[in-house]
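Reader: I'm new to reading protein models and would like to go through one with you. Could we take it question by question?

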Amino acid sequence: MDCNIAAPHLNSFNNFLDGIPKAVSCIRPRVIQISEGLRCELQILNPVVSYPGISKDSNLVEMVKLLPYECRCRGITYKSKLSCTFRVLLNGTVVQSSVRPLVDVPIMVRSRRCYLEKVTSEQLVTLKEEAKEFGGYFIVNGVEKIIRLLITTRRNYPIAINRPKWATLGAHYTPYGIYLRCVLDDHTAVVSTIHYLSSRRMTFCVYHKRRRFLLPFVVLLKALVEASDRFIFDELLQGIPEDNSWKGCVTNMLMDLRAEGISSQTDALQHIGEMLRVELQAPAFLSNAEIGQQFVDDVICIHLEKGEEKFNFLVFCAQKLYAFVKGEVLPESLDNPAYQEILLPGTIMLMLLKERIEAMLDRMVKIITDIENVDEKFFLDTKSRNMLAKAETICVRCLEYLLCTGNLPSSTQLFLSQTTGYSIIAERLNYLRFVSHFRGIHRGAFFTEMRSSDVRKLQAEAWGFICPVHTPDGAPCGLLNHLAASCEATTDPKCTQAVVDFLLDFGLLDIYQCRLNNVKIGSDCYRVLVDGDVTGYVQEAVAKDLVDNLRAKKLAKDKMFRFVEICFVSNNYRQSLYPAIYIFTDTSRMMRPVFNLHAKHPNNLEMIGTYEQALLDICIKAEEYIEGVTTHQELLPTAFLSYNANLIPFADHNQSPRNVYQCQMAKQTMGTPSLTIPYRTDGKLYRLLTPQSPLVRTVAYDKYEVDDYPLGTNAIVAVISHTGYDMEDAMVINKSSIERGFASGVIYKSMRINLSDRSFDGKDLMFHRDPKDERLPSFLDWDGLPYISRLCNEGEPLVCFFEPSTSKYTVKSYRSSEPGYVDNIKVVGSNDGLQCLKHVCITFRLQRNPIVGDKFASRHGQKGINSFLWPSENMPYTESGIVADIIFNPHGFPSRMTVGMMIESMAGKAASLGGTKLDSTPFKYSERNPAVKHFGDLLTKAGYNYYGNERMYSGIDGRSFLVDIFFGVVYYQRLRHMVSDKFQVRATGGIDPVTKQPLQGRKKGGGIRFGEMERDSMISHGTSFLLQDRLFNCSDKDYAYLCKRCGSLITIAHRKADQQTRSSVMQNDSMKNRFCATCKTGDHLRMLTIPAVLRYLIAELSSVNIGMRFQLA
């Protein structure tokens, strides 16, 4: 149940910092043949990321320490500089070498480059941060942002796919193919596909720099190793039983090779280089073979370094593809979590950084090649340095742009499924909403517009990794999911070589030794793939022992093997999966802990992956164990739930959609968003003034210490139909409870005024009160800022600032229609610290006590509206004189089936009587040990009814109700949806200049949309004149002239003025001054009242040569 909230974000960003040197070292130097005897080379070396700081003159040496709190207040980005050594070589001699700050790198809070990384809780408080600040987010322009966790395809694994669209790619193409996503250690990814053709051949398709390249499969194999056709033939047939069809397929491809005249590796590379020279825009001084070699090294199976390794992997892929075509393997799905991993924030940033640096070098190459008469002196001149420095703008703000907008740069060459939606604001609406941003995992913006529902379905393999109930209802349902509380994303460095060395000691036959010794591999052997590298074979007789030994090593104290994923696909799975032993040690995989039943405590906790889980037998409880079959057991029955879902009491007693609703409503609750509210500058914060700790809670509630950020109030609830104001989802609330502070809250709104901002046109301004204005002292202090705790009303002076050059004072007024108290003012000043009264942030406090129309909800998805504040003296009361806080309608239970709320009511009552907290963890109770019996017995011991019913009396006449009333304590949440934010009233106001109808939008003073359904309801009540008044007279009533002869409304014109001026004609505007331009007469004109939008419609239709004609009755 442990949940390390921000670990995937923090660890991936730290890996990003560690991976920058390796990524930069993988960038090929750019070589330019300037002339026959002069060759230029551009290099980027020695990247270094500094700590965040501010300098006055961009000096990297004299930097002032910058803290996250200061960035929030100033509205700036918490970032540092990535500096690199840029070198220019001419014929191998260095002529330019300088250290340049290339990229602004936003720094993640509490990461390795953050000043808060190793700070204690006490020190965090002194630095004006949360005592339990876990970081994992960025601060961009003063706003906290995170990069979303995205789902992507598992790396370095061949996925067999049946996609009908592939059959339309060209002649002989079939729907069968192997999908590959190969990833380097620096997270550079290349997507490729091996297609099976109906002509019994295969072709290799790869996507590079947003271009599609097609290569004959066997030509690619020939280009990877220096080997004979016979060797390729034997390798493709090795390990497969005698199959004439497959033998014929291999023979066809080798015959095509001979037909092209390719007999060696060099011939194959030349053939590839010749095919791709134009597409790759390769330099003229490179030969076709060199181009082909670069393409094979940089694009083909990039996760492997050597040609032999790539050859072995592609042979395995070809054999799996043929087995798939033959029907021995079922199709695999990209929507299955077993074949997915997480695209982590650090991964996205490193991919983008490397691509932008390469784009910068390409731009420099273009700058140099576009200049005529370039010689050695050109590179020694400062002018050349300035010209090359212009190319650096490509990558300076690329990472900050990604975080600020959530979009990739428009010119990026990254092969990703989306270009938008990468970053989101980490809202602190309440604590649970803030946490959910870190645990949320999105399928991708590309899938939101897909009509297929397959991508949204909950797969069985997602059990324990993705929460089945924590997903929003509506458009993003099934696309935006949340990780289970115990699920982790692997970020440790991979240990491929250590795993291979271990396997060699336990029966693994090395693939190269087998070739040297001419060892024949039969169908009784399994191939062993470690991170996509075919390392060898293992006999079927010893395969299980080898896997068991590796699993035992994984359970040992050696942490290197902790996140190794062992997937043994035996021949028992031959009709569904391709037999082999797949071992994964790389990053970005989803893993979770379970108990290994073959190991002893404390070394029985094993991390398993999504693919691995599908091959294991895991029981939930000990009584489900089957001897010889079951291998693992869940830590807890609730291990499959997310952070939020684990907090729902008695979730197993509710209808599933209600748990889905609660996961969403818990993130809309007014609670305690932060313990550092006086130091924050968020645009809007909601705070509950009288929060309480729930009497009924799950074990996870205490484990996660949610009491530090409480979210609701224990309310006494009477379930009764009373007064008629509680119909549907409405509820009646005790007025005295509200007056005592029940669910009382406030909203904090911050306004930033920066006199150095562009909106002030660069004027030299400072805050100061106008001494000549006698009314300002009652509103503003001497510095031109409002008094703390003053109540500001609309139109009253808010700030005053002074312009020394003109000696002019300007007063800005408070614009909001809702009064607010000045809670605090942060005087920020300028970045250099020399000018104090230049930048301020004013925080207002808006009182929000519950009123009619505000929204409340229990923790079971039972949301309702406060319909009436009922006087306490008229409320029903019990025999002991207790008056309920809330009256809830019993009709809300049967259709919603929220039995958990009824049990909570009993449990809350028992807890309040016993003065203790009671456990409501799901699956704790069962049919043999029902929750109702447990809590009913507690109520009986306290002297109350077994079911929690009580005799109640009318507060109006004192008579006893005929039936006992279900009466208990339920933890209620006040939601952020309030009438004060949503009410909309309009008598008259602005209109749209085109349609002449009222504007739309509450802020503009617009009208409320009156649609077709509203119109139908008015007609059904027979209120025709009311309908005409609202939709016509009070909307866009207009007058127009209609020609009865031709039926036109837009061909009316004025007569020419003979002796009168046009203005006088317009003043004496009557029917005689108008005529129909079509009929050439005004005898048939009639004045009508029409909607103004009709005139607009007629004009639009006439522009496309469609005329409208009308007839008068």
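Reader: Which domains each give at least three residues to the lining of the second largest pocket?

Author: First, a word on the model: it is predicted, so local features need pLDDT of at least 70 and side-chain atom pairs count only at pLDDT 80 or more, while totals for chains, interfaces and linings use all residues. Residues are numbered from 1 along each chain as its sequence is written, and side-chain values use heavy atoms, with hydrogens and water left out. A pocket here is an open set of points on a 1 Å grid over the protein atoms alone, with protein on both sides within 12 Å along at least five of seven lines, and lining residues have an atom within 4 Å of a point. With domain bounds that come from an automatic or database domain assignment, the lining draws at least three residues from each of domain 1 (6–151 + 343–483) and domain 2 (156–302).

Reader: Which residues lie nearest the centre of that second largest pocket?

Author: The pocket has a volume of about 1,400 Å³, where a volume is the space filled by probe spheres set on the points, and grid points are joined across faces, edges and corners. Its lining counts 44 residues, and those nearest the centre are Arg163, Tyr179, Leu334, Phe446 and Phe447.

Reader: How do the lining residues of the second largest pocket divide into nonpolar, polar and charged?

Author: Here's the sorting rule: Ala, Val, Leu, Ile, Met, Phe, Trp, Tyr, Cys and Pro count as nonpolar, Asp, Glu, Lys and Arg as charged, and the others, Gly among them, as polar. Sorted like that, the lining of the second largest pocket comes out as 22 nonpolar, 13 polar and nine charged.

Reader: What does Ile44 touch, leaving out residues up to four places away in sequence?

Author: Ile44 is one of the residues with the most contacts inside the largest core. Contact means heavy atoms within 4.5 Å. By that rule, Ile44 touches Val24, Cys84, Thr85, Phe86, Leu102, Ile357, Met360 and Leu361.

Reader: Is Thr672 buried or exposed?

Author: Thr672 sits in the loop between α19 (656–665) and β29 (684–688). Beyond its neighbours within four places in sequence, Thr672 is in contact with Tyr431, Pro691, Tyr709 and Pro710. The C-alpha atoms of Thr672 and Pro710 are 6.0 Å apart, although 38 residues separate the two in sequence. Because its relative accessibility is 11%, Thr672 counts as buried.

Reader: Which residues line the largest cavity?

Author: A cavity is a set of grid points where a 1.4 Å probe fits but cannot get out. The largest cavity has a volume of about 120 Å³, and its lining divides into eight nonpolar, three polar and one charged. The lining residues are Leu432, Asn644, Leu647, Ile648, Gln662, Cys663, Ala666, Tyr701, Leu711, Arg859, Tyr971 and Gln973.

Reader: What separates the centres of domain 5 and domain 6, taken over C-alpha atoms?

Author: The assignment places domain 5 at 747–848 and domain 6 at 1002–1056 + 1070–1104. Taken over C-alpha atoms, their centres are separated by 48 Å.

Conventions: Core = buried A, V, L, I, M, F, W, Y, C linked by side-chain atoms within 4.5 Å. Buried < 20%, exposed > 50% of the residue type's maximum accessible area, 1.4 Å probe, protein only. Helix = DSSP H or I, 4+ residues; strand = E, 2+ residues; numbered from the N terminus.
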